[in-house]
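Here are my notes on the model you sent over.

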Amino acid sequence: ARPYLCSCSNGGNINQSSACYSCFWNYLEFAIFLQIMAFLALFFLALVSGCTLATQQMPRFQFSPSSKVLLSWSDTWEVGSSNMLSILTEGKHINIQVSVSGDRGESGLKRVLIYECPQSQAQRIDMDTLQSSLSPEHRCPNTIPFTVQAGNSENHFQLKMKASEVHYTQVASRRVKLVVRVEWSGGAIQSNPLFLYNFDPLGAFSVGKMGALDLKFLTPAAIKLMTRLNYSSPLDDQFPAVPFIESSISSFVKNSPEFVRSKITLGSSLYFDAGSCLHNQLGKATLFTSYYSKFDLRHQKLQKIMHLDVESGYLDFSACGLKQEITSFYHEKKPQYTIGICTIISFSGESEPYLKIQAADQRYSIDKVHYSGCPKWSTACKVAPNAKKTLTIMAGMDNTALVCPILCNDKSQTYQFFRDGNPLYASQKEEWTVIDGIRVSRTGNIIEFTPSVSSAHSGIYKCDAGSEHFFEFNVTVVSMPHFAVTYSSAASGIPSSESSGLLPEKVFAMEGESLSYNCTVMFSGLKSVTVEPTFYIPMVSNDKVNWDRLTDEAFRQKFSNGDSWMSVTTTSTSTSSKTLTMDVIRVPPANPSLGTNFSHRFECNASLNQFESVSQVGMSEYRTQTGADIFFLKRLTKNDFLINPNNNCSVQKCSVSNGAKFEFALSESTAAYLRDVGVEVSAYFMLDDLLLENVKSLFVKDASAIRFDAKTFTLTYKVLPISQEGVLNELQKRKNLTAVYNFRYQPKTALTNLRHNKSAYGSPSVALGQRDCRADKLCFYSTDFDLSNGLEFLRVDLAFLDTSLTEPGIASTSGVIVGVAIAACVALIVGLVAAYFMTRTPERAYLVEEKEIRLGHNPKAEAKNETFKDYVRAGAADNEDAPVQSVVGTKQMLNASIVSVPVRTTWSCRDCDMTRRQTAQTECACVVDIVTLIQVFTSGKTVHRC
């Protein structure tokens, strides 16, 4: 606050006001200080953020990849999967599963169901407040109402259909759009939509009554045919046709999206055990339908004598064949009072995605029906004139049937289907035989396309029966864009081979390495499929992790070094697939100033334009995606390792007696990151260019051992004290021991669409086998790649001392002998020294003094009476400078056996002075001990005894 209190008396001229000048500079200093602190804080935050975000995974929906499009009742909508649709009838339900993985901070998740009713704005339901015990509120009133309630577990909910109120002509265009949005403190994700249909109004449509009968969508001709089958026609009209479906309904089908036209079933049943149409038994009814999923063997044969085309509304039939069938069945059941006439609307499929049965009349009086047999029998066959020759099969929508439209008077006639000219033989033991994704009925006149069919199943299909040969269908399979496809085996419905276009779940990107990953979207019968990349980068804002969505261009700029370090390309390998490939020529290094590295979320997004989406599957939009988590790993340096300082043989003195120990480990921070992101670390030793563990001569009993701790990533090789010649010879002839760390994907990881380019490091070493990262598909980086570039310390020199080995027994005996000899020598020396000191006579006079006494001299008295005389250096008389140094002497005791001292009698000890010492050709010294005397004597000077 101080700068704001500063005022200038001179009007603000800081050059003339020292006070304001000082105050101004205080302000500048304070501002600069704040800027520096802010920069340091941002820099520190960037570093912390980089560490914090290193293992972050963007929240995402968890679901099972599938090419399925249509849900049946009681199916589960796994939120996050491709666009789907469900056609529910009143009272039926589907389950909703909302599973989310990834990091979303500490705030938790909020799940919201967003629904958009026909011709109205979107509304929200807080899914976390839903309960299972209370009566749920109806949504989308006055159109397609439904209810949502909590399920049996936290992530499961249930959506139940109520009675639809839309007009029958709008059931294919009016739908409910459902989207699930998951929100957390740092952002939100939103699912692909589910489109909810209700076709009940179509089945309830009525054109009036025929007596007590409610015609529903049946024509009077249809009711008459089912109740009074006494048709008598000449033999030349053996295969008549009657209008069976009301024309307005047929018109609706003709103008519906392709999935409706290919799968809808319309028709009626004649129920011979009158009761409720909702609970009739198939074995007691005769079906007059285009196709019904629950056809049994009798009804499959019934399709040989009649054919209903829903787009024209006509039923073509064999007069004799149908009359004979109904008459026989009528008399077999012998109804006493009434029969039932029911209408059926459904979608074909093994699990029956939709079914609605309603009553035209459940109690039709028995006295109003009449059936008579055919007077004349014939085996003739004829193609139904209204049969369609061009069909579109929608993949991913449960089984779709193809019924041979050849009609025969004799339902025991043999039928045969052909695919591209090859017969599809049905087993006579099983009701259905599966051949390459196609189910063939035992009767031979019906085949079904399973949901897994693809563009490979498009083509020409033919059927023949009796005199009619090769009715031809031109079949086009339409597959909505998806990233996974499964093909079935020829003999059963068990998947035998799978082709996946999904991105890998995880990609490990090592700094400086090159790699590529791709996704392949598969489809068929479509022209407007596009696939595009999307990138998500984690950023920290207000202590929250936000995932910024970036386009291809924005992502390039964020990591650009001014060169082409990456490329994204889209290729069309065929008319039924598109592949998007991300090529990283060199993984860019981390940017500490921005707090970012190459860790990100990469997604492939496939979509379809609105026209094709609506015309094919009745969806206002269609999209699907697959994603991968990309984890950045910085290039390893010495700081990423814990190296034993004794690894060098010269330090630990590798030898026969010591053996050796070599130990390497990753640092705790590096190891923790690798564990967090799921990298598997393996390690091994190389002895020169060989795999150490393959050198069998080193791994004899009690010789050496290798150990790798998978928890701490510690690699150890220990050589025990060497007792065998072969072990020593092997170690002495080798030069280097190298520790190699490999970074790998987890076992059983599918890497179909991921490739790490390791070609720059040469061909795999045969001696190393699968341990060599170049030969291991799961390995993406090895320290072996950088041994000559910063990781040289992982290679140590071997220098085992050249010590020869004898036999173990002899070596042991020699060691004992040497030890005893050394001990004896030491004892002898100690004994001699002790004897010397014990026999030595202290304070004994030297031999020189004893000799003087024997000659009659008394050295002590002489020394007492004599005085020292000044010494005049030779040449002093010639006026030369001759300094004199007097030396005071003391009695010396000199052992004559040690040193011989020449005596000059012209000088006496009185001439020596302690304060002066004359240095000339001779020197007079007073020596107090023998050590000093020896030092002076050995200097080369003459020492005179005092």
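**Notes on the model and strand β35**

1. Of the protein's 946 residues, 48% count as buried, meaning under 20% relative accessible area with a 1.4 Å probe, protein chains only. Bear in mind that this is a predicted model, where local features need pLDDT of at least 70, side-chain atom pairs count only at pLDDT 80 or more, and totals for chains, interfaces and linings use all residues. Residues are numbered from 1 along each chain as its sequence is written, and side-chain values use heavy atoms, with hydrogens and water left out.

2. The secondary structure comes to 17 helices and 57 strands. Both are DSSP runs numbered from the N terminus: helices are H or I with at least four residues, strands are E with at least two.

3. Now for β35, residues 468–482. Strands count as paired if DSSP finds at least two bridges between them. β35 runs parallel to β26 (residues 390–394), and five bridges join them. Thr392 has Thr476 as its bridge partner in β35.

4. On to β34 (residues 459–465), which pairs with β35 in the antiparallel sense over six bridges. Ala465 is bridged to Glu468 of β35. The hairpin of β34 and β35 has two residues between the strands, and Gly466 takes a positive phi near 55° there.

5. Which strand pairs with β35 over two bridges? That is β39 (residues 514–524), in the antiparallel sense. Ser479 has Ser524 as its bridge partner in β39.

Terms used. Buried < 20%, exposed > 50% of the residue type's maximum accessible area, 1.4 Å probe, protein only.
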